[in-house]
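Here's a friendly walk through one protein model. Take a look at the picture first, and then we'll go through it piece by piece.

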Amino acid sequence: MSRRTCKLAALALLAATAACAAPYERPMAEFAPSHAPAPTPPVQATGAIYQAGRFASLVEDNRARRVGDVLTIVLVEKTQAAKSVSSASSRNSSMSLTLPDAKPFSWVPDGLLSGGSGQTFGGQGSAAQSNQLTGEMTVTVAQVYTNGTMLVRGQKLIKLNRGEEYLQISGIVRPQDVTPENRVASTRVADARIAYSGTGELAQQTRMGWLQRFFTAITPF
């Protein structure tokens with residue numbers, strides 16, 4: 001293979017690696033907006049006081065309970081984790097053999113039949129991580145299950161002059177956890193999926209370059 005062919009192959013490999021290394025991707029697939037079902041045609045009045053099509057409960061509030069209703073999720077996510085481990089071991093052994101002080105044993109040099117070994121090991125490691133996410137996000141009810149729990153989901157896109165910020169939330173909420181102000185804490189959302197990421201030149205500056213990531217992935221050291 002000629003030197004020119006080798007250079008072209010190397011450039012093709014670098015180009016393919018660069019194409020596969022996208023700078024940033026959106027956290028999850030975009031959600032389709034949840035709309036309330038089409039209203040049923042009005043029921044003709046029959047002369048009675050109670051009309052099913054115009055019934056409104058006197059004790060019903062404005063909390064979300066139907067598909068298409070909106071509610072606000074208060075983000076109070078805070079996680080901390082710490083781990084520390086250490087280990088130590090040692091082992092010593094010795095052996096010696098005493099021979100009679102007579103020929104032919106007296107010809108054996110001193111120390112020839114004695115020996116020993118020693119082994120020690122020590123290791124230590126620690127790790128710590130802390131994350132925090134606060135704010136508010138309004139989502140819509142996408143589905144209401146038979147037991148009353150609601151599947152909520154929503155997304156927010158903030159486009160700035162130096163990039164974009166994405167915030168997506170989905171999970172299951174109990175009606176009992178929704179406050180009279182139509183709010184629910186994110187810690188009360190079951191099967192919660194909260195994704196926050198961004199794109200743009202500022203986000204790219206905090207990420208390793210694609211060529212460096214390539215050699216980091218293939219290096220055996």
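Predicted model: local features only at pLDDT ≥ 70, side-chain atom pairs only at ≥ 80, totals over all residues.

**The big picture**

With that term in hand, the protein chain has 3 helices and 6 strands. The chain has 221 residues, and 16% of them count as buried. Its accessible surface comes to about 17200 Å², with 55% of that belonging to carbon and sulfur atoms. And how about contacts along the chain? If you take those between residues at least 6 apart in sequence, 69% join residues at least 24 apart.

**A hairpin**

Now find strand 3, residues 150–160, and strand 4, residues 163–173; the two pair in the antiparallel sense over 11 bridges. To get from strand 3 to strand 4, the chain goes through 2 residues, making a hairpin.

Is Asp177 buried or exposed? Its relative accessible area is 16%, and buried means under 20%, so Asp177 is buried. Leaving aside residues up to four places away in sequence, Asp177 touches Arg183, Val184 and Arg188. The side chain of Asp177 also makes a polar contact with the side chain of Arg174, at 3.0 Å. That pair comes up again in the next part.

**Salt bridges**

How many salt bridges does the structure hold? The count is 2, and here they are:

| Salt bridge | N to O distance |
|---|---|
| Glu136 and Arg183 | 2.5 Å |
| Arg174 and Asp177 | 3.0 Å |

Start with Glu136 and Arg183. Glu136 lies in strand 2 (residues 114–144) and Arg183 in strand 5, so this pair ties together parts that are 47 residues apart in sequence. Glu136 is partly exposed, with a relative accessible area of 43%, and Arg183 is partly exposed too, at 31%.

Then there's Arg174 with Asp177. Arg174 counts as partly exposed at 43% relative accessibility, whereas Asp177 is buried at 16%.

Finally, a bit of backbone geometry. Most residues other than glycine have a negative phi. Two residues in this model are worth a look with that in mind.

Asn182 isn't a glycine, yet its phi is positive, at about 65 degrees. You'll find Asn182 in the loop between strand 4 and strand 5, which covers 183–185. Asn182 is buried, with a relative accessible area of 13%.

Asp191 isn't a glycine either, and its phi is also positive, at about 50 degrees. Where does Asp191 sit? It belongs to strand 6, residues 190–199. At 64% relative accessibility, Asp191 counts as exposed, because the cut-off for that is over 50%.

Conventions: Residues numbered from 1 in each chain as written. Heavy atoms only, no water. Pairing = 2+ DSSP bridges. Helix = DSSP H or I, 4+ residues; strand = E, 2+ residues; numbered from the N terminus. Buried < 20%, exposed > 50% of the residue type's maximum accessible area, 1.4 Å probe, protein only. Polar contact = N/O pair within 3.5 Å; in protein donor to acceptor, adjacent residues only side chain to side chain. Contact = heavy atoms within 4.5 Å. Areas by Shrake-Rupley, 256 points an atom, 1.4 Å probe, with all protein chains shown as cover. Salt bridge = Lys/Arg side-chain N within 4 Å of Asp/Glu carboxyl O.
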